[in-house]
Amino acid sequence: MPGTLYVVATPIGNLEDVTLRALRVLREVSLIAAEDTRRTARLLQHYSISTPTTSLHQHNERQRGSELLGRLIAGESIA
């Protein structure tokens, strides 16, 4: 069965402006794909979330997109 892709809104200012649902999803998925992994790392560290991250941005989206699609088809969930 294919995995699930979650689109999760994260705060760009105050780290406390994140929803409980967003935090739950970030904890439960297999991988977090983020445009800015440094900013995402601060959010994850603040909430003690240890989910692995990978970068996904305009310069790598073709290659990384294929990798992520393969993981979704294999049944992993990605945020």
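Student: What volume does the largest pocket have?
Tutor: Quick caveat before that: this is a predicted model, where local features need pLDDT of at least 70, side-chain atom pairs count only at pLDDT 80 or more, and totals for chains, interfaces and linings use all residues. Residues are numbered from 1 along each chain as its sequence is written, and side-chain values use heavy atoms, with hydrogens and water left out. A pocket is an open set of points on a 1 Å grid over the protein atoms alone where a 1.4 Å probe fits, with protein on both sides within 12 Å along at least five of seven lines; probe spheres set on the points, joined across faces, edges and corners, fill the volume. For the largest pocket that comes to about 540 Å³.

Student: Which residues lie closest to the centre of the largest pocket?
Tutor: Lining residues have an atom within 4 Å of a point. There are 24 of them here, and the closest to the centre are Thr10, Ala33, Ala34, Glu35 and Thr40.

Student: Which element gives the largest share of that lining?
Tutor: Helices (H or I, at least four residues) and strands (E, at least two) are DSSP runs, numbered from the N terminus. Two or more lining residues come from each of β1 (32-34), α2 (37-46) and α3 (61-73). The largest share, 4 residues, comes from α2.

Student: Which residues does Val18 touch, beyond four places away in sequence?
Tutor: Counting a contact as heavy atoms within 4.5 Å, its partners are Ala9, Pro11, Leu23 and Tyr47.

Student: Is Arg39 buried or partly exposed?
Tutor: Arg39 sits in helix α2. Partly exposed covers the range between buried and exposed, the latter being over 50%. With a relative accessible area of 39%, Arg39 is partly exposed.

Student: What is the radius of gyration of the protein chain?
Tutor: It's taken over C-alpha atoms, and the globule rule is 2.2 Å times the number of residues to the power 0.38. With 79 residues, a compact globule would come out near 12 Å, so the chain agrees with the rule at 12 Å.

Definitions and conventions: Buried < 20%, exposed > 50% of the residue type's maximum accessible area, 1.4 Å probe, protein only.
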